Structure formats: C-alpha cells, structure tokens
Amino acid sequence: MSSNATHLQEHRLSWLRPTLLPALVALIVLVAGGVALDRQTNVLDEERARAVVLAQVSLIRAKLEGNINGNIQLVRGLVSTISTEPRMDQDRFAALVSNLFEEQSQLRLVAGAPDLVVRMTYPFAGNERAIGLDYRKSPAQRDAVLRARDTGKLVLAGPVDLVQGGRGFVGRFPVFVDTPAGRTFWGVVSAVVDVERLYADSGLTDRSLTIDISITGKDATGGDGTRFFGPDLTAQNPVTASVILPSGSWEIAAIPRGGWTATPGSFWRRAAMVAAVALILLPIVITGRLMGERQQHFRELKSREAELERLSRRLGLALDVSKVGVWEMDMTNGRETWDDRTNELYGLPNDGGSRSHDHWKAAVHPDDQEKAENDFRRTIASGRYESMYRVLLPDNTVRHVRSVGALYREPGVPDKVVGVNWDVTADVALNEDLRRATQLTEARNQELEAARIRIEHNALHDSLTGLPNRRYLDEMLNRHAASGYEGTGSIALLHIDLDRFKQINDTMGHAAGDAMLIHASGVLRRNCGDTDFVARIGGDEFVVLTTASDGDIYLGTLAERIVREMRQPVVYEGHQCRFGVSIGIAADRQAVLDVKRLLINADIALYRAKARGRNRFEFFSETLQAEVVRTKRIADEILGGLERSEFVAWFQPQFDAKTLDVVGVEALARWQHPTEGIKTPDAFLQVAEELNVVATVDRLILEQSLAALSRWDAMGLGVPRASVNVSLRRLNDEDLIKGLRELDIEPGRISFELVESIYLDEGDAIVGWNIDEIKKLGIDVEIDDFGTGYASIVSLQKLRPKRLKIDRQLVNPILVDPAQRRLLASIVDIGKSMGIEVVAEGVETMAHAAILRDLGCDILQGYAFSRPLSAADFETFLVTKAWRKAS
Ligand code: C2E
Ligand code: CA
Ligand code: CA
C-alpha cells in the first residue's frame, strides 16, 4: 500500500476514533431504547389487534355452526320420515322437502337415493338429470356415500363443484329402516347447502369485516384439511378458531386486513424516534468533531514545540561542542552582541557587557588588523562575510580565528550582520605541519626520483666511461628490432676490440688501463655522429650503432678513422702507451632487422680482423661466415684431437756444420688427422692459437721430446739435445716454471726456441722472469727466426740466448746474393762476439751447407740433410746414417 493510501485510511480511522466515541455510545443507547420501546408497543398493538380479530372470528364461527346445524336439523327431520315411509315417491318427497325449503335455510337441493341410486330430488326442475345416478358408479361421490352407509353417520363433504353450477356442501345422511327383520339400510339422502348463501349468511362476505379470513378443512377434515376459503394465512400468525360440525370441523384463521405490521402509527412513531435520536446525536457528533480537531491541533503544536526544543538543544550542544561563537552587529549603530563563546574567543569576560567593533579590532593581532578590516568592509557590498585572522590574547598567546557572517535585511528592522566565529588554531597548526610534511615528502620524492634516474642511468651506463653498457645496447637493439633504426630501416654495428689492452693493464696497472679505456671512448664519441649509439660492452670491447644507409664506404671510412686514431700513442704518467683496435662491421639493410644476427655477424668480422693481424677492420660477408664455420669445425677437431692424442712430435735433425755430426733435433708439432693424414702447423696452429691451446701443444711436444731423448739414449743413438718451440702465451704463463720443474729436465738437453718478437716486447715482467727461470733450469734459450723481426743488439745483450737461429728467408738467397752472404756473415760475427752460437735453418742444399760452414755458422738444419721425420723414421735415419750418404 502506498504511503498516501495508508495516510488516507489512518485519516478515516482517526475521524472515527476518539471524538465520535460519545456519539457512538449515545447512538447505541438510543437505538437500543428505541427498539425496546418499539417492540413493547408492537406487542401491545398486536394483542389489541388479535382481540379485535378474535371477536370477529368468534362471531363468524358461531354463525357458521348455527347455519350448518340448522340445515342438518331440517334434513334429519326428512330422514326420520323416510325411515317410516320407505316407499316414499317423488311427489311425497318433493312435498316434504318443499316444507323444509320454506324454513330459513341455505339448502339448495335434497336428493333421495334408495339403494344408492338417486330416485327423488327437490327441487326437481333443473335436477332431472340427477335421477338414476348410481352413487356406487360415481367416483366423485362413492367414497362419501359408502362411508355414510358404513358408519351410519352423516358425512359432510365439500365444498364441491355442483353439476348444476355453483358450489355446495353436501351432507350424506344414511337412512335405515326398521323392519321386523331389524334395521336395514334404505339408502342415502343427500342435501346440498349453497356455499355462497352459507358464507353470506354467516357474515363471511360482510363488507364491514376488518379481517382476512381463511377456512381450512374441506370435507370437515379440520385444521389439517384443505383450505377452501380465503388466502393462506398460516405464515402470518393468524388468530384461529374451530367450527365444530356434526362430522368433523373446519378451522378458521384470521388476521387483520393488510397484515399485523400495518399497524397504523408505527411508521410515524419510528420516524419520530429516529428524529429524536438524530436531534440528540447531532450536537454530540459536531462537538466531538470540534473537540477532535482541537486535540489534533494541540498535538501538532506540542510536537512542533518538542521538535523546536530538540533543535535548539541540538544547536546548543553543537555550538557548545564545536566552540563556535555567535555574534551580531547592528549596522545602523554599530552595536554588537556577543555570546559567551565569542567573548572567550577574544579573551573578554562573559559579563554581558555591550560590545562594539572596537572591542573586536582591539583583540585582532596588529599584523592582521588591516586585512581583517578589509574583509569586513567587503561584506557590505557582497552581503557575505568571511575572514580569517589572528587574535592576540591578553596573555600574548596567539589564536587563529575564522569568522563568517551574512548581511541580514528585513523591512522595518535595522540591517544586521549575523555571524559565527571559531578557533582554528589547531587546524592552522595542522595545516602548517601538513605543508611542511608535504614539502619534506616532495623533497624526498625529488631525491628519490634523482636516485632512481641515477640508478637507472647506472644500470644502463658504464661507470668508467659514462657510455651506455651492454644492457643498454641490448635494449637499444630490441627497440630497433621493433621499430627499425632511426626510421632508416638499415642499421650497422661496429664491434670494436682494443688490441694489446691486456698487456697495458697487466704491465702498467689498472689505472693506466682505465685511462686507455676513457681515451678510447673519447675517440669513439668524437668520430661518431650525435645520433650514433656508442656503448662499452665489456673490458676492452665497444660497439657503435649507426645507420647503414650511407653505404659501406661511409662505414669503412668511419672504421678507418677510428683505427688510425686509436693507433696514436697515449701518454700516461709520462709513458707512451700504444694500443690498437680491431673492428668488425656488420650491416643489416633488410626490411625486418635481425639485431641478434647483426651482433653475431659483427663479432665474426671482428674475429677475422684480429686473425688478419689486428689494427684493422673487416666487413662481415657470407664467405667470411663460411670461413668462420670452417675454422669452427677445425677448432672442434683440434680439441678432439688433443683429447685423442693426435698431436705428435716430429723431429728434424741439426748438424755440426764442420763434422756433420747430429748435435740435436728440432721437435715440430704434427697433427695425425684421423681422415686427412699428417697435418703441418700451418693447417692448425693459427686456430689452435685462437683456441688458446698452443701452450698445451707446446707442452705435449716437450714431453714427447723428453721421452724420445731418453729412448734414444737407451738405444745408444746419442742425440744430445732437443729444441722445442715455445709460444708467447706459454711464456706468459705464471705456472710455466712450476710445470717445467715437475718434468725434471736434465740441464743442457732441452732448448727453447723463442720467436724474435717475444723478447723484444718491453717490460714484460712475467716473460722476463720466466726466461731467467728457464735458464736457471738448465734449459737453453734460443732465438728463432732471427733477422725477420726487430731484435736489437741491446735486447740480445739483455736476453743472452745460448743460440740464435737465422731465419730461412735469409739463408735461402745466399747462393745467388753476395749481399745476403755479407749480412749473414755479420750476424755470425755478432753472435761470435757475444758468445752466442749461430744456427742456420732452411738449409736446402749441400751448397748452402758449405757456404754457411764457411761463413762460420755452427749448426745447420734443413732439407739438405733431412725433412722433419716421425720418431720411428728419425730413428731409422740415425741408425742408417742416411745424411752421410747424401753429403
Ligand atoms: P720454425 O720454428 O721455423 O720451424 C722450422 C720450419 O721450417 C718447419 O716447418 C720445417 O719443416 C721447415 N723447414 C725445415 N727445413 C727446411 C728447408 O730446408 N727448407 C724449408 N723451406 N723449410 C724447412 P713446420 O714444421 O711446418 O713448422 C712451421 C712452424 O711452426 C715452425 O717454424 C714453428 O714456428 C712452428 N712450430 C712447429 N712446431 C711447433 C710446436 O711444437 N710449438 C710451437 N709453438 N710452434 C711450432
Ligand atoms: Ca723453430
Ligand atoms: Ca725458424
């Protein structure tokens, strides 16, 4: 139900409830009284009416009884006569009956039926048709007739419809005749009483009657019989009376005409009663209504009052709790009203004294007075007032006050400003704290942000050179992979590796190394464009990303420039440092960049640049890649070969130039390749160098040489010495000496051939130390390939080798070139002067051998005597003394 409907219903109910209660009670009392009175009156009325009716009924009953019995008495006389004159004929019968008819009676017809057949009637005229009627064969009359005969008593029937028309009561009188044989049944006399006449004579049809009558008991059957007169009154509580007949009775019922209810005066009485009730009730109802409304108003007023009370209490509480003070100012005279809290706010007593603008002004902090005044003055213009200022209290504490107000205008009343003010000191302090906290947070955030940027920068940059690092490069490459390089769709990558950086680092210290790296990064940055990306991705490795769209010539020029500049010596703490760079370049000009591939390709090119002697650049190409693949395969095979001991020492004998005795052998590495046969060092040494396994090879050869020497000793072949080649890396090995000591080498039987360039490197502490130690172990030091490098007399003096071995390139031309012979002669002279033996290698003919012997060479080695031989072949060579036959 909607609230509206509820309200409506409540309204109706309330209308009914309290105010109408008296009216309701009065109504009930009045109605109850009225009904009782009405009923009482009705009972009296009815009884009176019944008496009236009964009086009339009694009269009629009496008349009916009288008339019926009168008629019967008349006929009984006739019956008595017939008993004595059974043979009576029509005439006699008519004469007797006509006498009866002269009496006052309602008889209409009398018939005589001896033996139950009608033989006589009176009056005859009009009734001739009845003569001969046999009652036993007349269904309408047989029962009554036989009953009369059988009971011997009068049977009264009717009213019945008569054959002659009209209706009548028929009395059947049995007639018995006294004969000498006793009483015998003669027949029946029927007398018909005229109904209408009987009714009229009994007063039933009187116009003066005031009652309705019904008579039941057809054929004298009494109250239970069939009604034959008047309407059915049984339901109307009729007055009844019985009409006693000679053979039964009738029942008369009567009610006042129109019924009992139509008692005259009852309607008006009731109307009067209703009017009286209304007269009594109306004022009560009206008064009730008025009372109700008054009470309603009263209640509303009370609830409003309570609400107001509640509101004002709440407001009071709110003001109290919030410490809000209320003030008011009369604009016409400037007089102000302050409440207690306002006084407290401004440090004034609650003395109820009058306040003015001056009181206020005096309390406001001097520094804020001007502003506060201005704020107030604006109020007049805008109608609203809002201000915040400090109040200087008598005890010199400062309080922050916020004041708001509004101009209040009403006709007939002076303009006012009404306002509230409250202490906001705590808020101000809080705001101040917040502001400070925010500032701190902001500063902190800035620091954090700076730190974040720093960290991010650090994460992506190399701390030494400030260049982007490996991670940054990867990010860059990924970015380019996704979006192409600077929109050009082509990208080139220069992979730059410093040569000899490790030596500088090792010999001059890390500070020097760092300085070189910083210098190198500077060179790179200077030579690259602003949009180029320069990164340091490892110890001495750099990468430059640049566009590839300007072509290979541009890239080549750039690389060339870098290589050239890097070659320039750098002075560090007074020392000139030299290093170089190798650069591998890869370019990608595909629509879709493959940056991973790019990096690998540049690496391959770099590898090649290094392999080709460093200080240079190489472009990546498909052939290069194929080579690299091949090298890779060889490298794998070398490593496998080392594991399978496929590297073996072959031996080339050396001879005393004068006696041609075998004075030693040079052990040379050979690789017994499982499918390709014997391989010489040129096929694997470079790859082995790159794989950093040459030192391993060297050591293998040394061990095999030592084993061969002892074997040959045992065989009595008398090979005094074996020379082995020693790679630079091996000389750099700090553990070299330790390993050599373990081999327990017999002094003078092993010679180390060091390539000229090795000991010419200055300041190589480990190499120098190793060489000294090698000598101490009784191992000869020999300078290999003498004359091809830049060996100086000074370095020879420093190194003091046992022997020097003139390179075969110098030896070869001596047959045809006298100048070359002179060069050799001077080398021999130098050796001699320094006490260094001179070996000549590459002695291909005995003619060479002769010249070299003559020039003063001590030892000869070459094809003229023998090629390098496997250990077995060499042993055969020694045993058979094959060279003696050749020479
Ligand atoms: P190398 O030290 O100058 O060795 C001598 C090379 O000259 C050998 O080549 C040898 O076969 C060749 N040879 C000898 N007599 C003649 C001649 O009459 N005419 C000509 N034209 N050549 C002659 P191989 O065996 O191929 O060795 C080449 C280089 O490989 C060696 O040059 C050496 O530097 C290096 N090598 C060989 N074995 C080893 C080793 O075990 N360790 C190291 N580190 N290097 C080795
Ligand atoms: Ca050699
Ligand atoms: Ca050599």
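In which helix does glutamate 773 lie, and which residues does this helix span?

Analyst: The model is predicted, so local features need pLDDT of at least 70 and side-chain atom pairs count only at pLDDT 80 or more, while totals for chains, interfaces and linings use all residues. Residues are numbered from 1 along each chain as its sequence is written, chains are lettered from A and ligands numbered from 1 in the order in which they are written, and side-chain values use heavy atoms, with hydrogens and water left out.

Glutamate 773 lies in helix 22, residues 765-776 (helices are DSSP runs of H or I with at least four residues, strands are runs of E with at least two, and both are numbered from the N terminus). Its relative accessible area is 10%, and it therefore counts as buried (under 20%, with exposed over 50% and partly exposed in between, using a 1.4 Å probe and protein chains only). Leaving aside neighbours within four places in sequence, glutamate 773 is in contact with Ile737 and Arg741, where contact means heavy atoms within 4.5 Å.

Another buried glutamate is Glu841, at 6% relative accessible area. Aspartate 785 belongs to strand 28 (residues 780-786) and glutamate 841 to strand 30 (residues 837-841), so the pair ties together parts that are 56 residues apart in sequence.
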